[in-house]
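Please find below my notes on this model, arranged as numbered points.

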Amino acid sequence: MTNRVLYDAPGPKTLRTERIVSAIMFVALLAGLALLLKSGADRGIFDDRWKVLYDPPKSQTAVDVWKSLLVHGLGMTLKAALIAAPSAFVLAFIFAIARNSKNRIVSWVSVAIIEFLRGMPVLLMMFFGLLALRLDSFSAVVFGLTLYNAAIMAEILRAGLLALPRGQAEAGTAIGLTTWENLRIIQFPQVITLMLPSLISQFIVLLKDSSLGFIVGYNELLTTMKDNYSFFGDTSRLPLFIAVVSIYLIVNISLSRLAVWVEKKLANRHA
């Protein structure tokens with residue numbers, strides 16, 4: 001039996017055209033980048049301002065600058081994320097169990113809470129924790145991240161439950177397992193394995209959302225960047241901004257690659 005495809009395989013002429021178009025786009029991209037760099041050089045952005053990253057003024061060293069960004073700034077960002085992520089997962093687990101309950105009232109209440117939390121901006125939840133609950137800035141950030149991401153993770157777990165064959169739950173019931181035992185012993189271990197790449201991806205979103213702590217006064221990476229350019233002067237703003245962007249990209253891309261690697265490992269294991 002031959003495999004059917006939605007389109008014909010490209011021929012030599014099409015492949016040659018694609019290579020030419022790709023080369024033209026690559027050259028255009030390089031030209032655009034060169035123009036951007038020249039424009040920046042004309043405005044003097046490649047002056048001594050970059051020394052703040054390797055030879056800063058005011059009796060500071062490069063170690064002091066990078067230590068403030070990586071140890072204090074990134075460390076505080078990761079601290080909030082690493083506390084909020086497991087807290088959100090535990091809460092999502094509870095929501096998923098409640099939503100799967102045979103008691104309609106419990107299930108409806110769970111759905112209402114999940115939909116409410118999904119519809120609320122993360123920053124608004126942080127402000128609620130800070131102003132209404134009188135939490136400190138760190139606790140307010142963790143509070144907002146936990147509630148919002150718990151609702152999203154609960155939906156991820158629900159999608160995983162729906163993806164499982166119905167026969168597994170029925171088999172568990174047939175051997176005398178309760179609903180809770182069925183979820184705990186048979187379904188959730190498979191769901192977590194199945195949805196692990198999505199959960200890692202959601203952790204990346206959680207980590208990026210932690211930057212909103214800047215607005216509620218939490219001393220994370222963006223706040224540390226602001227403190228640095230306030231100390232060294234406005235000319236250091238661009239180099240410090242580029243440094244912080246690079247840090248975020250390295251961390252998030254690393255986590256994204258981890259999610260892809262986990263997905264491939266799981267796919268190979270089930271192949």
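1. Lysine 58 lies in the loop that connects helix H1 (12-42) with helix H2 (62-99), where helices are DSSP runs of H or I of at least four residues, and strands are runs of E of at least two, numbered from the N terminus. Although lysine 58 is not a glycine, its phi is positive, at about 60 degrees. Lysine 58 counts as partly exposed because its relative accessibility is 48%, given that buried means under 20% relative accessible area, exposed over 50%, and partly exposed in between (1.4 Å probe, protein chains only).

2. The model is predicted, so local features need pLDDT of at least 70 and side-chain atom pairs count only at pLDDT 80 or more, whereas totals for chains, interfaces and linings use all residues. Residues are numbered from 1 along each chain as its sequence is written, and side-chain values use heavy atoms, with hydrogens and water left out.

3. Serine 59 is also placed in the loop between H1 and H2, and serine 59, although not a glycine, has a positive phi of about 60 degrees. With a relative accessible area of 75%, serine 59 is exposed.

4. H2 packs with helix H5 (residues 137-163) at an angle of about 40 degrees, the two axes being 6 Å apart; axes are lines fitted to C-alpha atoms, for helices over the stretch in contact, and angles run from 0 to 180 degrees between N-to-C directions. That angle makes H2 oblique to H5, since angles under 35 degrees count as roughly parallel, over 145 as roughly antiparallel, 65 to 115 as roughly perpendicular and the rest as oblique. By class, the contact of H2 with H5 has 20 nonpolar, 3 polar and 4 charged residues (Ala, Val, Leu, Ile, Met, Phe, Trp, Tyr, Cys and Pro count as nonpolar, Asp, Glu, Lys and Arg as charged, and the others, Gly among them, as polar).

5. At the start of helix H8 (residues 221-232), a side-chain oxygen of glutamate 220 comes to within 3.0 Å of the backbone nitrogen of leucine 222. The buried residues of H8 include Leu221, Met225, Tyr229 and Phe232. After H8 comes glycine 233, with a positive phi near 105 degrees.

6. Isoleucine 204 belongs to helix H7 (residues 179-209) and is buried, its relative accessible area being 7%.

Notes
Expected span 1.5 Å × (residues − 1). Polar contact = N/O pair within 3.5 Å; in protein donor to acceptor, adjacent residues only side chain to side chain.
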